[in-house]
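User: I would like to learn how to read the features of a model, one at a time. Can we start with the basic terms and then work through cases?

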Amino acid sequence: MTDHKKLKAWVKKCAALCRPDKIVWIDGSAAQRARLEKESIAAGEIHRLNRKKLPGCFLHRTAINDVARTEGLTFICTPTKKDAGPTNNWMAPDKAYEKAGDIFRGSMKGRTMYVIPFSMGPVGSPFSKIGIELTDSIYVVLNMLIMTRAGDKVLKQLGTNGEFTKCLHSKADLDINRRLIMHFPQDNTIWSVGSGYGGNVLLGKKCLALRVASYQANQEGWMAEHMLIMGIEEPDGRIQYIAAAFPSACGKTNLAMMLPPKGLKKKGYKIWTVGDDIAWMRVDSDGRLWAINPESGFFGVAPGTNSKTNPNAMATVNRNTIFTNVLLKPDNTIWWEDGDESAPPEGIDWRGVPWKPGMVDDEGKTIKGAHPNSRFTAPAKQCPTISYRLEHHHGVPISAIIFGGRRAHVAPLVYEAFNWEHGVYVGATMASERTAAQFGKQGEVRRDPMAMLPFCGYNMARYFRHWLDMEKKLDKAPKIFHVNWFRQDKDGKFLWPGFGENLRILEWVLDRCNDKAGARKTPIGFVPNPTDIDMTGLKLSNDKMRELLLVDKKEWKQELKGQKEFLSRFEKDLPQGIKRQYLLLKKRLGV
Ligand code: GTP
Ligand code: SPV
Ligand code: MN
């Protein structure tokens, strides 16, 4: 097993707290996985789907009150409240260990504790981090085997005294009142109890690779970001990479896997998917920013995914995939809203209840077959556009950074920041409408700096400073842009077709990086003229295009107020560079 004394002692200590009947170490073998699948099926935790149509695929339903990340129950447990900052829930470490400890105590009685050694990033890469997750959920084990590199190879890499993040998870009784997601960045420790939903329990993902890693990145001088990474290959074989931060359920997976639109086919672009959710970036000896995707799978939103919007995702999830909270069809396959097929005449919905299309609840609202935040867990290597660089310890060089949100109004389709500092301001003040990926009122606009609001493991004022400081280390800083695929017309319809057509905007972005495309200067940044975007093969009226690229001063003056209000939460800690950029924007808007 292992001769790592600290690891063995920690496992023993956690077992003494949770009292499992037995402990099983995950070795990463196919044989062990097959045994666990069988066991999980027998326990009714997962359901095997049609072996012919969906080989190696399973369906899982979470508890009804456990379908998305619960930000209100997620805590950063640093020595002082100020270390966590005004945007995080904070609890003192002692109290947090005590409070969660009470729920963990005896929570695994009658159950098995699984020990999952996992690596975020290729095993052995100097940029990777190792974690060990202890869990009483086979569903978690099976997901971690897809999302991370896990098993004996990681233990071997860890050796007898390597560093690892201590991740403890128990479903306990899945009671929302006894659910806590605790992060102890100083202790390199994560405790999650009372949930079975992905983002709360696959502890390598948001908890380690963002919350704990962002804290470590700040200390060590690198960046852990909620970003997709993709490559755009031109016909001459040159590949340029971009990293893009959009809040949850705002289009990262879709953009990372996009198919070039018909109209641009002649240009012969090829898209390479490196990652769809998380980027770890550092400055290398060449003075450029390099990124790896620490994950090895996709935990993607199912509804809305179809052969038109995301054919690469459809080709990825047809085998060896775990589906969570989708609709089960009578032929033992699955269905979700806005997928490829129209609704089946009947099925079992995400709650496990018989379902028919058009059913309504007490308030007359349509009952969905699949939960809006239903997800697929699929191996990255099954994606037709997966980049070979995923397994490369060094990652890819980043030419452009893109921030984006879901805004019905205000934010134009795309704009370019004037410089790095301004770009950091754009990221720090970005806003987006709330989606089904988190508990809370949908559609409400909230500030979500760098799409990291729920994922920054320390004071965000310090995080902004870290972003500003990165510039000094970069010889060739990526240009920074902002996009909004979600602007609406007066009737509430999206103005921009989105998905594959977004490549037209990425083309402008890269052309700007290579000084090849025009733009006009506006108070908020450089905005393309309609003629600066290649619209070959896409019909969009001039009116629509003008509306998409409009910078409405009146709206932006209002927006400025919202930005000021948000930034004021950081009080004296707000870095000078952000204050300066606020005043410059104010001046440019003539306020
Ligand atoms: P997380 O996994 O939660 O971090 O989400 P994500 O950022 O990867 O979002 P994803 O790509 O899964 O997209 C979420 C939703 O946005 C889906 O319902 C998509 O259909 C929709 N969407 C994605 N791209 C576009 C776009 O360009 N235009 C429009 N209108 N919708 C889009
Ligand atoms: C997100 O919500 O940003 C996700 C899904 O990518 S989860 O893993 O649940 O956080
Ligand atoms: Mn995400």
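Analyst: Start with the elements. Helices (H or I, at least four residues) and strands (E, at least two) are DSSP runs, numbered from the N terminus. Two notes on the source. This is a predicted model, where local features need pLDDT of at least 70, side-chain atom pairs count only at pLDDT 80 or more, and totals for chains, interfaces and linings use all residues. Residues are numbered from 1 along each chain as its sequence is written, chains are lettered from A and ligands numbered from 1 in the order in which they are written, and side-chain values use heavy atoms, with hydrogens and water left out.

User: What is the phi of Asn188?

Analyst: The general idea: most residues other than glycine have a negative phi. Asn188 has a positive phi, near 50°. Met450 also deserves a look, with a positive phi near 50°. Met450 sits in the loop between strand 28 (445–447) and helix 12 (460–473). Its relative accessible area is 0%, so Met450 is buried. Just after helix 1, Arg19 takes a positive phi of about 55°.

User: How far apart are the end C-alpha atoms of helix 1?

Analyst: The expected span of a helix is 1.5 Å times one less than its number of residues. Helix 1 (residues 5–18) has 14 residues and should therefore span 20 Å; the end C-alpha atoms are 20 Å apart, which agrees.

User: Which residues of helix 1 are buried?

Analyst: An α-helix has 3.6 residues a turn, so residues three or four places apart point the same way. In helix 1 the buried residues are Leu7, Trp10, Val11, Cys14, Ala15, Leu17 and Cys18. Down the axis of helix 1, the buried residues fall within an arc of 160°, so they line one face of the helix. That arc is taken from the directions from the helix axis to the C-beta atoms. The face turned away from the buried side carries the exposed residues Lys5, Lys12 and Lys13.

User: Which residues come nearest to ligand 1?

Analyst: A residue is near a molecule if one of its heavy atoms lies within 4 Å of it. Of the 22 residues around ligand 1, Ala249, Lys252, Thr253, Asn254 and Arg375 come nearest. For contacts, the rule is a pair of N or O atoms within 3.5 Å; within protein, one must be able to donate a hydrogen and the other to accept it, and residues adjacent in sequence count only if both atoms are side-chain atoms. A backbone N or O atom of Ala249 is 2.7 Å from an oxygen atom of ligand 1. For a polar backbone atom of Gly251, the distance to an oxygen atom of ligand 1 is 2.9 Å. Lys252 uses a polar side-chain atom, 2.8 Å from an oxygen atom of ligand 1.

User: How much of ligand 1 does the protein bury?

Analyst: Areas come from the Shrake-Rupley method with a 1.4 Å probe; for residues, only the protein chains shown count as cover. Alone, ligand 1 exposes 660 Å², and the protein buries 91% of that. Helix 9 gives the most to the shell around ligand 1, with 3 residues.

User: Which residues lie around ligand 2?

Analyst: Among them are Arg69, Tyr197, Gly199, Lys205, Lys206 and Arg375. An N or O atom in the side chain of Tyr197 is 2.7 Å from an oxygen atom of ligand 2. A polar side-chain atom of Lys206 is 2.6 Å from an oxygen atom of ligand 2. The protein covers 98% of the 280 Å² that ligand 2 has on its own.

User: Where is Lys205?

Analyst: Lys205 is in helix 8 (residues 204–220). Lys205 is buried, at 6% relative accessible area. Its side chain makes a polar contact of 3.0 Å with the side chain of Glu295.

User: Which side chain does Asp136 join in a polar contact?

Analyst: Asp136 and Ser170 are joined through their side chains at 2.7 Å. The side chain of Asp136 also reaches the backbone nitrogen of Lys171, at 2.9 Å. At 5% relative accessibility, Asp136 counts as buried.

Conventions
Buried < 20%, exposed > 50% of the residue type's maximum accessible area, 1.4 Å probe, protein only.
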